[in-house]
Each structure stands twice: as C-alpha cells, then as structure tokens.
Amino acid sequence: MYSDLSSSQTTPMAHRLTEILTRREAIGTCPTVLGDIYRDDTNIAVWERELPEAVQNAVSALVIEKPHYRASMNVTPDNVRESLEESLDPLLHQMLINDIELLVNMFCCLFDLKRAGLRLTVIDKAMCPRFHTDKVPCRLVTTYQNVATEWLPHNVVDQSKLGVGSDGKSDNESGLFNGKEDIRQLHCFDVALLKGESWEGNEEAGLVHRSPAHEPSQSRLLLTLDFAD
C-alpha cells in the first residue's frame with residue numbers, strides 16, 4: 001500500500017515551482033488519496049476512515065488513565081513502537097500503538113523520510129484557537145477522540161487578515177472569511193495532510209486552520225507528524 005502512495009512522486013523540496021492561483025482539497029475513503037498532496041493545486045488531503053472499536057477502546061483508556069499525557073519524539077518506522085511503549089502500556093494501548101505505527105510508516109514512505117517528529121497529546125483546551133498557517137512543508141494530523149481540526153478553503157480566505165493583519169479582531173470579525181458557513185471541519189479519526197508555507201511553490205497558500213472550540217470535560221487526543229529529516 002505504501003508504494004502506491006508514493007509512486008512516481010518526488011519530495012516536496014524538489015517539487016516543481018509553479019504559480020497556482022487557487023488551491024483545492026482532496027478527500028476520499030481510500031488512503032491513496034493522501035498522495036494527492038503532491039498536486040500543485042492541492043493544500044489538504046483527507047483520508048476519511050473509521051477506526052475499529054478496539055482502537056477506540058485503547059484511546060479511551062489512555063485519556064482516562066493519563067488525562068495530561070504528552071509525548072514528543074523523533075521516531076523511525078522501525079523504532080516508533082518501542083518509543084511509544086516507554087510511556088504507554090503495551091497491554092492497554094496496543095491497538096492505538098499499532099495504528100500510530102501504521103501512520104508513521106505511511107508518512108515516512110510518502111515523503112521519503114527516515115524520521116518523523118511525533119506528538120501525541122491529550123488536550124483539554126484549544127491549543128491554536130486562531131486561524132493560521134504552519135511554517136512547515138506538510139503536517140499529518142488526526143484526532144482520535146472528540147472534535148477535530150477546523151479549516152478554510154483557500155478561495156474563501158483573505159490572507160491579509162491572518163495574524164497581525166486581523167488588527168486585533170476575532171476571526172469572525174476580521175474579514176478573514178465571509179461567514180461561519182465557510183468553515184470546514186475534519187471528522188474524528190480522519191487522517192489529514194495539511195500543506196504548509198514551507199512546501200516549495202506553496203508560499204502564501206498554506207492551509208488555513210485552527211483548533212476547534214473546547215468542549216468542557218471532553219478531552220481530545222491529537223496526533224501530529226512532521227518532517228524530522
């Protein structure tokens with residue numbers, strides 16, 4: 001499966017610099033949709049998936065057992081399991097570890113990476129409540145529990161209103177987008193690749209996204225993978 005994702009592709013830093021006026025999303029129920037992130041006109045690719053109940057049970061056990069769990073590490077496809085088992089119970093959380101190992105393998109294969117920067121965090125508040133772009137080539141995100149990341153299609157965004165351009169106004173008031181109907185949201189369990197500002201040819205076109213509003217007493221479990229090579 002991994003070879004199908006990366007076939008006939010090149011790494012983003014060697015990707016052809018092309019002036020694209022707009023960006024689109026690629027969304028599908030097959031993991032090969034993630035390979036569409038290599039398209040010049042695509043800044044988000046989403047694999048819509050369901051997780052087996054055994055994985056969901058392992059997620060629930062982690063959030064209950066370790067409500068303040070945070071892990072940040074550089075991993076390879078070969079050592080990710082061992083690295084996670086240093087802080088997670090291999091009996092209680094084995095199915096979750098299996099799934100994360102799968103995603104690390106896919107991520108490294110797709111982008112021809114030897115290592116990935118992994119963060120797995122139980123979140124009880126909005127970490128990045130304002131819409132923003134990431135200064136990275138590409139980031140994988142998946143929410144294992146509770147509400148997932150919100151994002152804006154490129155064609156509805158006024159880039160000049162990001163950051164200091166908001167003039168201190170909220171996202172809803174700054175003119176960054178037209179209205180709440182423009183906001184899109186990932187589903188829990190979706191695996192998404194968010195193309196950032198550092199992907200060659202994607203300057204000023206990184207995916208605009210933010211953390212969802214926090215729901216009291218309902219923690220999220222978020223996994224992110226970044227380039228570490």
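**Group meeting: the sheet, its helices and its salt bridges**

Let's start with the sheet. Seven strands make up an open sheet, with mixed pairing, and the order is β1-β2-β8-β5-β10-β4-β3. Keep in mind that this is a predicted model.

Which strands stand at the edges? They are β1, residues 24–28, and β3, residues 70–75. Each has a single partner strand, so one side of each is left without a neighbour in the sheet. On average, neighbouring strands here are turned by 15 degrees against each other, direction ignored.

β3 pairs with β4 in the antiparallel sense, over six bridges.

Helix α2 covers residues 53–65.

Then α4. Helix α4 also packs on the sheet. Its contacts are β2, β3, β4, β5, β8 and β10. Here the angle is about 25 degrees, taken between the directions of α4 and β10.

On to charges. How many salt bridges does a search of the whole structure find? Ten. I'll walk through some of them.

Glu25 and Arg184 meet through their side chains in a salt bridge, 3.2 Å from N to O. This pair links distant parts of the chain. Glu25 is in strand β1, Arg184 is in strand β7, residues 184–185, and they are 159 residues apart.

Now back to α4. Arg49 forms a salt bridge with Asp99, and the closest N and O atoms are 2.8 Å apart. Arg49 sits in the loop between β2 and α2, while Asp99 is in helix α4, so the pair ties together parts that are 50 residues apart in sequence. Arg49 is buried, with 8% relative accessible area. Asp99 counts as buried as well, at 9%.

Stay on α4 for Glu101. The side chain of Glu101 meets that of Arg81 in a salt bridge, 2.6 Å from N to O. Arg81 belongs to helix α3, residues 80–84, and Glu101 to helix α4, so this pair ties together parts that are 20 residues apart in sequence. Arg81 is partly exposed, with a relative accessible area of 23%.

There is also a network. Salt bridges link Arg119, Asp134, Arg139 and Asp226.

Last topic: backbone angles. Most residues other than glycine have a negative phi. Two residues here are worth a look.

Phi of Asp112 is near 55 degrees, a positive value in a residue other than glycine. Where is Asp112? In the loop between α4, residues 94–111, and β4, residues 116–123. Asp112 is exposed, with a relative accessible area of 62%.

Asn146 is not a glycine, yet its phi is positive, at about 80 degrees. Asn146 lies in the loop between β5, residues 138–145, and β6, residues 150–152. Is Asn146 buried or exposed? Buried, because its relative accessibility is 17% and the cut-off for buried is under 20%.

That's the tour. Questions, please.

Conventions
Residues numbered from 1 in each chain as written. Predicted model: local features only at pLDDT ≥ 70, side-chain atom pairs only at ≥ 80, totals over all residues. Heavy atoms only, no water. Helix = DSSP H or I, 4+ residues; strand = E, 2+ residues; numbered from the N terminus. Buried < 20%, exposed > 50% of the residue type's maximum accessible area, 1.4 Å probe, protein only. Pairing = 2+ DSSP bridges. Axes fitted to C-alpha atoms, helices over the stretch in contact; angles between N-to-C directions. Contact = heavy atoms within 4.5 Å. Salt bridge = Lys/Arg side-chain N within 4 Å of Asp/Glu carboxyl O.
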